[in-house]
Amino acid sequence: MTANKFISKPRTVAIVPVPFSGGQPKDGVDEGPVRLLEFGIVDQIKELGWDIDFSGEVGSFEHLRPEEDSDIGNMKNPRFVSRVTHAVAKVVESHAKRGQFVLTLGGDHSLGLSTVSGTLAAHPDACVIWVDAHADINTPETTDTGNLHGCPLSFLTGIAGETPEFEWVKPCLSTERLVYIGLRDVDTAEKKILKKHNIKAFSMHEVDKYGIGQIVEMALDHVNPNRDRPIHLSFDVDALDPSVAPSTGTPVRGGLTFREGHYICEALYETGCLVATDIVEVNPSLGDDANLYQTVTVGCSLARCALGETLL
């Protein structure tokens, strides 16, 4: 059992289920947390030797839904997304400040606004490893779709600038402390943003070229060279190839294999620096029962690997 440099004893995982779909247009992703819990993720984590901080209930955010939520510029559902992510950020921050590991179950990836904000409020020097097929760094001006699950990192890094309804989001994440793994569907505007701000990104091309072991080491060397910073892992299951995780809203062929995805989680746990993990974009409404079972079980196993499960 790897000693964690930033988690208090007894080692405790705070499970934060966030049934939210407002950052994108497809119904069903709000059911992801419920299915992950139904598939036994709590007991699985307990078997790894962790204490659990979880009430057993999955709340609702309908009370935060505004009566009117017209677009602001290109942004869709801006008030609802802002209210929910602000509320979740406070929960994540509270758990993190108590020295707990925070496992957030989404929900769409607009939740990255809340989880990274909460982690960095407790661990200001933390770095972020974003595992995703997409860069999620469009600004409100550059997004073609207006879906805010494609924008969280522009807010967190300050690239979005001052944005109506999102004044609560502090530009807390330095671009030097952000690294991507698994990109393969990046908008033209996002490519320009990544190059302009010199943001380190390992696409599937680099994964193919170097292998996942070397990619993880290079990613860590960039954002956490001395392995002495807390790490926040945000894992969108669409980073995995659709043959591995089919029940997700924006699947893209040519993604990470089952083992590559799990290796990332295993290797980050082994650093002793991992303090938070998001598992997002599991959408049980997409595909048949076999697709659902496959995707949810993968989501559970990714979480377990981030908490210390090993092959031997």
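## Basis

The model is predicted, so local features need pLDDT of at least 70 and side-chain atom pairs count only at pLDDT 80 or more, while totals for chains, interfaces and linings use all residues. Residues are numbered from 1 along each chain as its sequence is written, and side-chain values use heavy atoms, without hydrogens and water.

## Packing of α3 and α4

Helix α3 (residues 78–97) packs against helix α4 (residues 112–122) at an angle of about 35 degrees, the axes lying 7 Å apart. Axes are lines fitted to C-alpha atoms, for helices over the stretch in contact, and angles run from 0 to 180 degrees between N-to-C directions. Helices (H or I, at least four residues) and strands (E, at least two) are DSSP runs, numbered from the N terminus. The crossing of α3 past α4 is right-handed (the near helix is turned clockwise from the far one by less than a right angle).

On the α3 side the contact (heavy atoms within 4.5 Å) is made by Val81, Thr85, Val88, Ala89, Val92, Glu93, Ala96 and Lys97. Helix α4 contributes Leu113, Ser114, Thr115, Ser117, Gly118, Thr119, Ala121 and Ala122. By class, the contact residues are 8 nonpolar, 6 polar and 2 charged (Ala, Val, Leu, Ile, Met, Phe, Trp, Tyr, Cys and Pro count as nonpolar, Asp, Glu, Lys and Arg as charged, and the others, Gly among them, as polar).

The whole structure holds 9 salt bridges (a side-chain nitrogen of Lys or Arg within 4 Å of a carboxyl oxygen of Asp or Glu). One of them joins aspartate 53 and arginine 98, with the closest N and O atoms 3.5 Å apart. This pair links distant parts of the chain, 45 residues apart: aspartate 53 is in strand β2 (residues 51–53) and arginine 98 in the loop between α3 and β3 (101–106). Aspartate 53 is partly exposed at 25% relative accessibility, and arginine 98 is partly exposed at 45% (buried means under 20% relative accessible area, exposed over 50%, partly exposed in between, with a 1.4 Å probe and protein chains only).

Aspartate 69 pairs with arginine 79 at 3.0 Å between the closest N and O atoms. Aspartate 69 lies in the loop between β2 and α3 and arginine 79 in helix α3, so the bridge ties together parts 10 residues apart in sequence. Aspartate 69 is buried at 18%, as is arginine 79 at 16%.

Glutamate 217 and arginine 227 form a salt bridge, their closest N and O atoms 3.0 Å apart. Glutamate 217 belongs to helix α8 (residues 212–223) and arginine 227 to the loop between α8 and β7 (231–236). Glutamate 217 is partly exposed at 37%, whereas arginine 227 is buried at 17%. Shared partners join Glu217, Asp221 and Arg227 into one salt-bridge network.
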